[in-house]
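I opened this one to look at its strands, its core and its aromatic rings. My notes follow.

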Amino acid sequence: MTEFTQQHGVREIRPKILFQQIEERNPDRNVMFNVSIPSSAIGGMTLLESSILVSLASLTSASIFFEFGTYMGATSVLLAANSAPHARITTVDLPPASIDTAKPDSDEVTLILQNDIENDNYLRRTFAEKGAFYIDRADAETQNKIKRIYHDSRSLDPQAQDLAGRFDFIFIDGGHDYDTVAIDTTNALKMAKPDAVIIWHDYRSKIHGDVTRFVDHFSQEIPLIHVQNTMLAFMLKGKFRNLLPN
Ligand SMILES: C[S@@+](CC[C@H](N)C(=O)[O-])C[C@H]1O[C@@H](n2cnc3c(N)ncnc32)[C@H](O)[C@@H]1O
């Protein structure tokens, strides 16, 4: 493996860069993964994105996961279903009772597909109304790996809540406004182990421009990687900085 020399900025890679790493480490076996048929609902992950998350978890041997934004729980279940028996996934979303469930007066579908704030409001409302039903429907083994926290992520205190320095893999996919992504990232940096991966969803989303603005800005301090044909960007910490070839 060659030294990863990117100083800053967002480097774009093809998905196959990660898949090649998986192949190199598993020359004699088929590497399978377990995934639900993608949800037709707004706010879910694509199959390619799911495969990238599972690949990153595998390449970093992650077993302690944290997710900002539980929503339907599909990604919590994905990570639980594709990790070691001792793996644990902690996922945070807002206390349902704190969420304003009033719908906008005008055409809801048009609004949520065009407006970032309305889209986030829709995701919160859906979570308040339906909960993380992918977790509710999962088998007991999968459910036992997942811990749900109900808390506004903007007021998490990693030190006080015993979350600091504990996680191998952190997925940031909660509120998509600039301030929330910035606060979640600051907390993620405190919560990550020295060797860890931190991933953002909705990078280069057509709706959530603030995520792109934040990630581009943050990449001026820390080199980040974007996987083409996905809305994933990630940061490799510690020994994982050398995970990918130049
Ligand atoms: C895009 S969805 C998450 C999708 C999920 N990560 C997945 O991959 O299936 C965003 C979620 O973030 C939650 N959220 C928004 N603002 C939040 C906040 N300040 N604290 C915690 N959760 C928040 C919403 O309620 C919503 O369920």
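With which residues is F169 in contact, leaving aside its neighbours within four places in sequence? The model is predicted, and I read it as such. I listed L53, L56, A57, A62, I64, F65, F66, L79, V197 and I199 as the contacts of F169.

Next I looked up the cores. The largest nonpolar core has 41 residues. F169 is among those with the most contacts inside it, along with L18, I199, F234 and L244. Helix α2 (residues 47–59) gives this core its largest share, six residues. A second, separate core has 26 residues, including F167, I170, F218 and M235.

Then I turned to strand β5 (residues 167–172). Is it enclosed or open? I found six of its six residues buried, so β5 is largely enclosed by the rest of the structure. I checked its partners. Strand β2 (residues 64–68) pairs with β5 in the parallel sense, over four bridges. In that pairing, F66 stands opposite I170 of β5. Strand β6 (residues 192–201) also runs parallel to β5, and five bridges join them. Here I172 stands opposite W200 of β6. I followed the chain from β5 through helix α8 (residues 178–191) to β6, and this β-α-β crossover is right-handed.

I noted eight aromatic pairs by the rule used. One of them, F214 with F218, is stacked, at 5.5 Å centre to centre and 15° between the planes. Why are these two about one helical turn apart? They are four residues apart in helix α9 (residues 209–218), which means a separation of about one helical turn. Both F214 and F218 are buried.

I also looked for a charge over a ring. The charged end of R137 sits over the ring of Y134, 4.8 Å from the ring centre.

Last, I checked T91. It lies in strand β3 (residues 88–93). Is T91 buried or exposed? Its relative accessible area is 0%, so T91 is buried. Which residues does T91 contact, leaving aside its neighbours within four places in sequence? I wrote down E67, G69, T70, S76, I135, I146, K147, R148 and I149.

How values were computed
Residues are numbered from 1 along each chain as its sequence is written. This is a predicted model: local features need pLDDT of at least 70, side-chain atom pairs count only at pLDDT 80 or more; totals for chains, interfaces and linings use all residues. Side-chain values use heavy atoms; hydrogens and water are left out. Rings of Phe, Tyr and Trp (its six-membered ring) pair if their centres lie within 6.5 Å; planes under 30 degrees apart count as stacked, over 60 as edge-to-face and the rest as tilted. Buried means under 20% relative accessible area, exposed over 50%, partly exposed in between (1.4 Å probe, protein chains only). A charge sits over a ring if NZ of Lys or CZ of Arg is within 6 Å of the ring centre and within 35 degrees of the ring normal. Two strands pair if DSSP finds at least two bridges between them. A crossover is right-handed if, with the strands pointing away from the viewer, the path from the first strand over the helix to the second runs clockwise. Contact means heavy atoms within 4.5 Å. A nonpolar core is a set of buried Ala, Val, Leu, Ile, Met, Phe, Trp, Tyr and Cys residues joined through side-chain atoms within 4.5 Å.
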